[in-house]
Each structure stands twice: as structure tokens, then as C-alpha cells.
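Hi,

Here is the structure I promised to pass on. Have a look at it first, and then read on for what turned up.

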Amino acid sequence: MNLESLIEVKNLKKYFPVGQGSFKRIFSKETDFVHAIDDISFAIKKNEIFCLCGESGCGKSTTANILVGLDKPTAGEFIWEGISIPFNELIPKKNDIKSQIIFQNPFSSLNPRMTLGDNVLHSLIIHDKVRYSDTQRRIRNAKYSEMIMVISTIISSFLFIISFLIKGPLANFSALGSIILFSIALILYFYFSWLQKNKILDKTVLEKFNEIGLSPAEQFYFKYPHEVSGGERQRVSIARAIILQPDLLIADEPTSMLDVSCRAGILDLLKSLQKIHGLAILFITHDLATARHFGDQVAIMYVGKLVEKGDVKSLFLKPLHPYTRALIESIPSTSLRKGDFNLPKGEVADAIHPPTGCRFHPRCPIVDYELCSKIEPELIEKQQNHWVACHYPLL
Ligand SMILES: Nc1ncnc2c1ncn2[C@@H]1O[C@H](COP(=O)(O)OP(=O)(O)O)[C@@H](O)[C@H]1O
Ligand code: SF4
Ligand SMILES: [Mg+2]
């Protein structure tokens, strides 16, 4: 057991069953699987930024989702501060595991019907961190009064029209009903406006808004997600995660959907929060240049496998795996060395029927077909804290 590790993930696997055509399903009992994660192990230390990198579809998000309990693994072990935790207990609400996730798209991860303040407050409410407060009551009352107001308006309009179409005492009754219901709708409208004006702010949320650079916090509190920029929305997602005081923050490509101008700001914010709160961060990215500047440790993933991992300095200075080297050399306009290892041509391997032996062998510039296509290389420590899975590492 590594005493410094906050989490250890051992032999993690995730195979997704995939649908077959109905004809094939009748005659075949075999099911195909997407080998999204195929036996990966890594550890993240306290106060460390661990970057998980790889091309699209290599299994990064699936790893993140499993670690916060959003998906169940096919196999594997999860150890939190030296204690083995069953994967089905990883949902933070159920126990003391303090991990939170920030998703790639801040627009779909925030509730569009809630103000930014309520989005963050809601996170405290569902984790039972705040009692049934005035703010919660306001949210509930606003929701109900809005609903009743709309229904009353529709019914009163309907009755009003009916009162003109029919004759006799029923017409009077209908007209009276429409007046009463319209009055109720009017009263609720004023009550709803009053609730909006007499906004009750939650102090903890305000403090977080100031901390993540959304100021004046009082103004941002009552804005809706569509009223702010992508960068500001992602800051709110960060506030929503940080307010629960996690020990591990998982950031799944948090800047990839943002304008280039916002990206540096979000990365700086994450770095300063990591220092202030002593967080460990699992930072997922397909951009190696970001990993190089942001991370302490880095792991390179290829079709569900880890092909190389180590500390950022040694991995970028002297990559051992041909895939890592090709990725590094393809980073545009960097001070990193340029060489003959262009990013391999061809498609990323099929995760349903991955290549035999080394999964990278169909694209590898130094492949030895005899060995590489038959025997799968193990991830071994070639240099101190520098691991590689290759029969011919670039030493
Ligand atoms: N729910 C699912 N059902 C079937 N296949 C899935 C599912 N989720 C992800 N996959 C597949 O698993 C692989 C890894 O996906 P993902 O973890 O999202 O990759 P990344 O985040 O690295 O782009 C991909 O081939 C993807 O198509
Ligand atoms: S094991 Fe063989 S095919 Fe795979 S990366 Fe190493 S040299 Fe290339
Ligand atoms: Mg992803």
C-alpha cells in the first residue's frame, strides 16, 4: 500500500455490451463488447495533479464516470486512503468519499431552470449539507406559484370564452369562475414578483462566487446559465464542486468547449484552488500541451490501455513509448524537440475488436510484427517512476 496515495485504481476494466442486428441475435449467443477500459492501474497522491491523456474514444470519460459512481466497472479495485471501497459505494452522497466531477460541457451540466446561485446551492442540498432553509422554501414557493399562476390563467381564459358561447345561469357561473381564477393568477403573479425581488442569498454560495472570480457575486447569483458566458458557466460548475470540500476533483476536459481566451483563466483557477484547498485533481485532456504545463503526473491512454505513465518532466523530456513520442512531436510550435515520429497514420484501433498483441502495432513506426502483433507488452517501470508498455522502449 502506498501511504501517500489518496486513491489507487487497480486492474480497472469496463466492457460495454453492444447491440447486434436482430437476425444475428437470434442465431448467435455471443455479444460484442466495447473494450472501453481494459485493465488499467494508477494512483493519485494527495495535492497532486494527475493528467490522463489520449485521443478521443480511448476511455478517459468512462474512467472519470466510474470514479464518481456514475458508471459501474466490469472489474477492478478502488482504494481510498488505503481502504478498499466497493465501486457501487462510490457515489459521494452515500458515504464519506469526497470526490467531485466537473464535466466538459458546462451548459448541459447546469440546470437551465435554476439561477446560478441555486445551481450551486442545490449541490449542498442534495448532499444534505444544508438544512431546509429559507432559500429552499423560496425555490419551492416560486416553482409552485409559477405553476398555479399559469394553470389559473389558462382555465380562466377558457371559462371567459365559454361564458360568451353559452346562455343561462351556466354562463353567469362560468363568467364568475373566470373572474375568480384570473384574480388568483394576478395575486400569484404579484407574490411571484415579490419572491423574485426579496431574494434571499446564501452566504456560503456568495463566498464561493467571490472565490472563483464571479463578482459582483450578488448579480451573478440571480442570473440564469444562458445569461452568462461559457467560461463563467464553467466557473459555476467549479464552485458547485468545490463547495462540497472534496479531496479529489475530477475535471473531464473542462476547457475543451471554451473559447481559447477563457481556457487559461479556468486552468489558473483550478491550479490556485488546488493549492488553497490541498486538492488532488484528476485532469482529463486530449491536449498534451495543457497536460505538460498543468500536471505533475501524466498517463497516456490508447484504446483502453495505459501505454505510458510517469512524472511530467521525464515523460515529456524523454518519452519511452512510440505513441507518446509521436503525440509530443505533433504538438504545434512548442520548444519540444521535433523528429521523425509524426503522428501515426491510420485510424485509432477498433475498441470492439482491438488488435492482438500491442494495440498500437498497426500504427507503430518501429513495429516488429513477429513479436508485437502476438504478445501484449506489460506496463513496467523502466526508469524511476516512469512506466511504459512496449517491447522496444525508446531508451
Ligand atoms: N454507454 C456506452 N455504451 C457503449 N459504448 C460506450 C458507452 N460509453 C462509451 N462507450 C465507448 O467507450 C469508448 C470510450 O469512450 P469514452 O470514455 O467516452 O472516451 P473518451 O472520453 O476518451 O473520448 C468509446 O469507444 C465509446 O464509444
Ligand atoms: S510493442 Fe511494438 S508495436 Fe507496440 S509500441 Fe512497442 S514497438 Fe510499437
Ligand atoms: Mg470524453
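To read the burial figures, you need one cut-off: a residue is called buried if 20 or more other C-beta atoms lie within 10 Å of its own, with C-beta atoms placed from the backbone. By that count, buried residues make up 35% of the 395 residues in the protein chain. Please keep in mind that this is a predicted model.

Now the overall picture. The protein chain contains 14 helices and 12 strands. Of the contacts between residues at least 6 apart in sequence, 65% join residues that are at least 24 apart.

Eight strands make up an open sheet with mixed pairing, in the order S6-S7-S8-S3-S9-S10-S12-S11. Its edge strands are S6 and S11 (380-383), each of which pairs on one side only. From one strand to the next, the twist averages 20 degrees.

Strand S3 (residues 49-53) is worth a close look. Five of its five residues are buried, so S3 is largely enclosed by the rest of the structure. Ile 49, Cys 51 and Cys 53 point one way from S3, while Phe 50 and Leu 52 point the other way. S3 pairs in the parallel sense with S8 (residues 280-285) over five bridges, and Cys 53 stands opposite Thr 285 there. S3 also pairs in the parallel sense with S9 (residues 297-302), over four bridges; here Leu 52 stands opposite Ala 299.

Moving on from S9, the pairing with S10 (residues 305-311) is antiparallel and runs over six bridges. Tyr 302 has Lys 305 in S10 as its bridge partner.

S6 and S7 (residues 248-252) pair in the parallel sense over four bridges, with Ile 101 opposite Ile 250 in S7. Helix H9 (residues 230-242) lies across S6 and S7 and runs at about 170 degrees to S6.

Finally, which residues are closest to ligand 2? They are Cys 358, His 361, Cys 364, Cys 372 and Cys 390, out of 14 residues that surround ligand 2. By class, this shell has 10 nonpolar, three polar and one charged residues.

Note on methods. Residues are numbered from 1 along each chain as its sequence is written. Chains are lettered from A and ligands numbered from 1 in the order in which they are written. This is a predicted model: local features need pLDDT of at least 70, side-chain atom pairs count only at pLDDT 80 or more; totals for chains, interfaces and linings use all residues. Helices (H or I, at least four residues) and strands (E, at least two) are DSSP runs, numbered from the N terminus. A residue is buried if 20 or more other C-beta atoms lie within 10 Å of its own, exposed if 12 or fewer, and partly exposed in between; C-beta atoms are placed from the backbone. Two residues are in contact if their C-beta atoms, placed from the backbone, lie within 7 Å. A residue is near a molecule or strand if its C-beta atom, placed from the backbone, lies within 6 Å of it. Ala, Val, Leu, Ile, Met, Phe, Trp, Tyr, Cys and Pro count as nonpolar, Asp, Glu, Lys and Arg as charged, and the others, Gly among them, as polar. Two strands pair if DSSP finds at least two bridges between them. Axes are lines fitted to C-alpha atoms, for helices over the stretch in contact, and angles run from 0 to 180 degrees between N-to-C directions.
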